[in-house]
Amino acid sequence: MHSTLVAAAAHAAGGALEAACQHVPGALMKFNDIVVQKGLGSWIWDTAGNKYLDMTAGIGATSTGHCHPKVVEAVREQAGNIVHAQQNIFKAHTKQLELDAALSRIMPQQLTKYFYCNSGSEAVDNAVKIARAATGRECIIAFDGGFHGRSIGAMALTTSKVIYKQHFGPFMPGVHIAPYPYCLHCKVQAEKGHSGYHVAPYMPPFDSPDNRVCCGAPQEALEWMLVQHVHPGDVAAIILEPIMGEGGFLTPPPGFMAGLRQLADKHGILLIADEVQSGAGRSGMWWAHGQFDGGAMQPDMVVFAKGIASGYPLAGVATRQHHFDNMQPGTMGGTYGGNAVACAAALATIEAIESEGMLGNASQRGVQLMQGLVGLADRYPIIDVRGRGLMVGIEFGSSSSSGSSSSRLKAEKGVAMAVTKAAFKHNLLLMTAGARESIRFLPPLNVTAEEVDTCLNGFEAACKEVYKR
Ligand SMILES: Cc1ncc(COP(=O)(O)O)c(C=O)c1O
């Protein structure tokens, strides 16, 4: 159907929308029922001309906002130059080499080789391949609640929700899942009569010992895992999201990342930082692993995607210099990897983030957003506000003030989705996160103070509607 016909059908009432969307598989989760016409900055417009504040940024992909002029220009220019300079046919293409140079500026300095592909899942799969080939070991340890993608390999490492795996087994073997420190719901702390967290406000200065103390149980469980479940000599890599995204926007407690590095070093295990959602400036630093324990984690690989190219499909793995040494030419590849237009978009994205001070803006607007959300915790059952920069999540607890402290940490089922749907009625686009009742805020890195205020107002109106207060 011609696009204007689709648009006309889509904004006609009821059944017409369903008819226009008849080819869209129902297996895709849809947070909203609108058909998008265009986007600019933090805003999108639907086919009926309604305007929405987009606090999802395409799940963190449109890092510089929709249609950033520098990205648009770079893409236009590259589309007229060369689009597909296939990576096996040529030694390289010029935009790839420029992107290599830009990445070598912003990546941890030990990561000097860059393999490009098209999606986060594909990048995770390739990181597993590289880790196996580089170490000659098979097993991968991932963390409970993590999300690493939907391909057959990445899905095996994913445990954030069963829905991502339902009917899709059998899964890739050699995967071991370790507990993750979700301190807010930590049973060890609960037995001592308190939470590992000061429940909201959990605010800057983050991770001061007054704010949060880990009981150490997850780290200990991981150590036991290497005694009881899998020999460390069989473990190629530990993969983790520096800020756990899909699993609920969880941050690691002080000492956890540094401890992982020590454990990995002790056993010659590689540490893979899956920065698909947390990276590319989202946390207020180029890579979120640097936010914790003074950057002591120092990954052996960084997996990147999403925000690196403002919504264009570019992903990849940054590795140490020697990681490909055991691999014959032809072992890695992919038709579209390092697509020239996507590389141009990534270059323009990095340039825009740097020249327009978006890392600083992400930190400042992130604090504004968190402070606003903490303010709402007085009126609504928000039991946690967490994250870094513009990767911010809240978690709802029970709306009843009676009951045990553990029952107060458990929200009524479905409230996060109900608030997300109510926010939509106030022209605010949000997403839920995790298996508990959490909502995530992922605005573009150049979101303004005024837009953050608009978001807070819309979110409060949505909470008011759901909680009738
Ligand atoms: C941390 C993380 N890793 C991997 C992926 C998979 O990326 P993609 O959807 O591009 O395959 C995601 C997607 O949300 C993610 O958040």
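A search of the whole structure, a predicted model, turns up 12 salt bridges, a salt bridge being a side-chain nitrogen of Lys or Arg within 4 Å of a carboxyl oxygen of Asp or Glu. One of them pairs Lys70 with Glu351, with the closest N and O atoms 3.9 Å apart. Lys70 sits in helix α4 (residues 69–79) and Glu351 in helix α11 (residues 340–355), so this pair ties together parts that are 281 residues apart in sequence. Helices (H or I, at least four residues) and strands (E, at least two) are DSSP runs, numbered from the N terminus. As for ground rules, residues are numbered from 1 along each chain as its sequence is written, and side-chain values use heavy atoms, with hydrogens and water left out. Because the model is predicted, local features need pLDDT of at least 70 and side-chain atom pairs count only at pLDDT 80 or more, while totals for chains, interfaces and linings use all residues.

The protein splits into domain 1 (1–30), domain 2 (34–60 + 357–467) and domain 3 (71–181 + 216–355), with bounds taken from an automatic or database domain assignment. The C-alpha centres of domain 2 and domain 3 are 27 Å apart. Where these two touch, 25 residues come from domain 2 and 27 residues from domain 3, contact meaning heavy atoms within 4.5 Å. Between them, domain 2 and domain 3 bury about 2100 Å², 59% of it on carbon and sulfur atoms; buried area here is the accessible area (1.4 Å probe) that two parts lose on being put together, summed over both. Three residues stand out: Leu359, Arg388 and Met391 supply 34% of the area that domain 2 buries against domain 3, more than any other three residues.

The elements giving two or more residues to the side of domain 2 that touches domain 3 are α3 (57–60), α12 (358–376), β11 (382–388), β12 (391–396) and β15 (438–441). Helix α12 has the largest share of that side, 4 residues.

Turning to the strands, β2 (residues 43–46) and β3 (residues 51–54) run antiparallel and are joined by 3 bridges; strands count as paired if DSSP finds at least two bridges between them. Ile44 has Tyr52 in β3 as its bridge partner. The two strands make a hairpin with 4 residues between them, and Gly49 in the turn has a positive phi of about 90°. On β3 there is also a parallel pairing, with 2 bridges to strand β13 (residues 428–429), where Leu429 is the bridge partner of Asp54.

Most residues other than glycine have a negative phi, and most peptide bonds are trans. Gly169 and Pro170 are joined by a cis peptide bond, with omega about 0°, and Pro170 is in the loop between α7 (152–156) and β6 (175–178). Phe249, in the loop between β7 (235–240) and α10 (256–267), has a positive phi near 60°.
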